[in-house]
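Me: I would like to learn how to read the features of a model like this one. Please take me through them in turn.

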Amino acid sequence: MTDLTQVLDAQGQPLSTLTVDHFFQQINWSGTQQRSARENSGAPETPYDTVGQFFATFPWQGATAAPSARRLAIDIDEAAFDQLLAEDDALTLDDLSALF
Amino acid sequence: MDTPSVSAHKLRQQHPQKHSHYKFSEFFQFNATEGTIADWNGSRNIITSEHFIIGLLEGLEEEVGAASAAVMYSIGVEWGKQDSLFFDQWFEREYNIRPQQANLMFLLETWWWPFTAQGWGRWEIDMTDRQQGFMFINLFDSAVARTLGDVGKPVCYLYAGLYAGFFTEMVRKQLSCIEIQCYSMGETYCKFLLGAKDRIDAAAFWLNEGATASDIENRLRAGYTSS
């Protein structure tokens with residue numbers, strides 16, 4: 001199976017430089033075209049099955065924002081990251097006030 | 001820059017429930033006959049050039065010397081306090097919910113969007129360390145730092161004061177803020193530390209001793225709070 005994050009050129013070779021266009025060309029926007037169906041049809045392998053899968057690979061932090069060491073550790077531990085997101089979602093001003 | 005105004009925004013009157021209103025032509029209302037610019041929330045805005053920012057900072061420095069940093073910080077604090085009261089009103093009016101009941105991240109993003117539209121830069125809040133009583137704010141495209149360029153020292157005292165004043169009012173606790181990394185020091189973005197006064201004082205001491213933002217983060221996480 002092709003690496004999900006690898007984008008190939010017309011000759012089937014991995015691209016060294018990716019553009020936004022490349023990413024968007026690879027998205028199966030509707031999500032209805034399943035991988036197995038594509039494989040059977042002989043169509044070229046695309047790296048992303050759904051838009052969600054594509055966005056999950058996106059470097060949201062940006063090139064300039066350096067994540068903290070703790071943030072990096074949390075990124076590695078998926079469960080801790082999910083917990084942090086849930087905590088962030090539930091915070092209110094009163095919670096913030098109690099922390100200071 | 002914005003100042004309180006009595007000018008009502010006509011587009012907002014027509015679409016009071018519209019929240020995605022930060023497009024330049026929608027957020028600002030230009031009144032050619034009065035020569036005024038009002039924004040969506042009814043604040044009067046003034047468009048200034050980079051020369052104005054340079055003139056303000058250098059003029060102040062010429063008048064009061066090194067104290068200009070403290071003066072700018074104090075101006076920011078007052079601005080932040082006033083703006084928190086103003087924000088309280090327009091947030092509740094627009095979303096029909098009191099700020100205390102709103103989701104925190106949504107609340108803070110909503111507060112900063114007008115600033116972004118006005119050219120004060122984008123921000124990113126890092127609350128990873130909130131349990132330890134401090135948090136970081138990353139600011140991209142600071143209007144002050146971008147104008148002054150690489151001068152080798154932090155220059156965004158106005159922003160630090162703004163954050164200190166705003167958060168002090170919002171959380172009802174006396175908070176301080178310091179810029180520990182600045183675009184004007186050759187960094188790619190500005191970084192502010194917000195917390196109780198003792199922590200900020202310690203960070204100020206370390207910064208004066210030559211510590212980097214990373215050093216300060218590590219010391220705070222290790223629990224050091226005194227200089």
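**Reading the model**

Reply: Helices (H or I, at least four residues) and strands (E, at least two) are DSSP runs, numbered from the N terminus. This is a predicted model, in which local features need pLDDT of at least 70 and side-chain atom pairs count only at pLDDT 80 or more, while totals for chains, interfaces and linings use all residues. Residues are numbered from 1 along each chain as its sequence is written, and chains are lettered from A and ligands numbered from 1 in the order in which they are written.

Me: Which residues of helix H9 of chain B are buried?

Reply: An α-helix has 3.6 residues a turn, so residues three or four places apart point the same way. In H9(B), residues 213–221, the buried ones are B:Ala213, B:Ile216, B:Glu217 and B:Leu220. They sit on the same side of H9(B), because they cover an arc of only 100° around the axis. The arc is that of the directions from the helix axis to the C-beta atoms. Buried means 20 or more other C-beta atoms within 10 Å of the residue's own, exposed 12 or fewer, and partly exposed in between, with C-beta atoms placed from the backbone.

Me: What do the buried residues of H9(B) pack against?

Reply: In chain B they pack against strands E6 (134–140), E7 (176–181) and E8 (190–195), and against helix H8 (197–208). Contact here means C-beta atoms, placed from the backbone, within 7 Å.

Me: Which residues touch the most other members of the largest nonpolar core?

Reply: In soluble globular proteins, nonpolar side chains tend to be buried together. A nonpolar core is a set of buried Ala, Val, Leu, Ile, Met, Phe, Trp, Tyr and Cys residues joined through C-beta atoms within 7 Å. The largest one has 48 residues, and those touching the most other members are B:Cys156, B:Ala160, B:Tyr163, B:Cys177, B:Phe192, B:Leu193 and B:Leu194. Helix H7 (residues 157–171) of chain B gives the largest share of this core, ten residues. Leaving aside residues up to four places away in sequence, B:Phe192 touches several residues, including B:Phe136, B:Tyr159 and B:Ile178.

Me: How many residues of each chain take part in the contact?

Reply: Chain A gives 16 and chain B 27. H6(A) gives the most to the side of chain A that touches chain B, with six residues.

Me: What is the mean pLDDT of chain A?

Reply: pLDDT is the predictor's confidence in each residue, from 0 to 100. Where pLDDT is low, the predicted coordinates should not be read in detail. Chain A has a mean of 62, with 18% of its residues at 70 or more. Among its elements, helix H2 (residues 35–41) has the lowest mean pLDDT (56) and H6(A) the highest (88).

How values were computed
Two residues are in contact if their C-beta atoms, placed from the backbone, lie within 7 Å.
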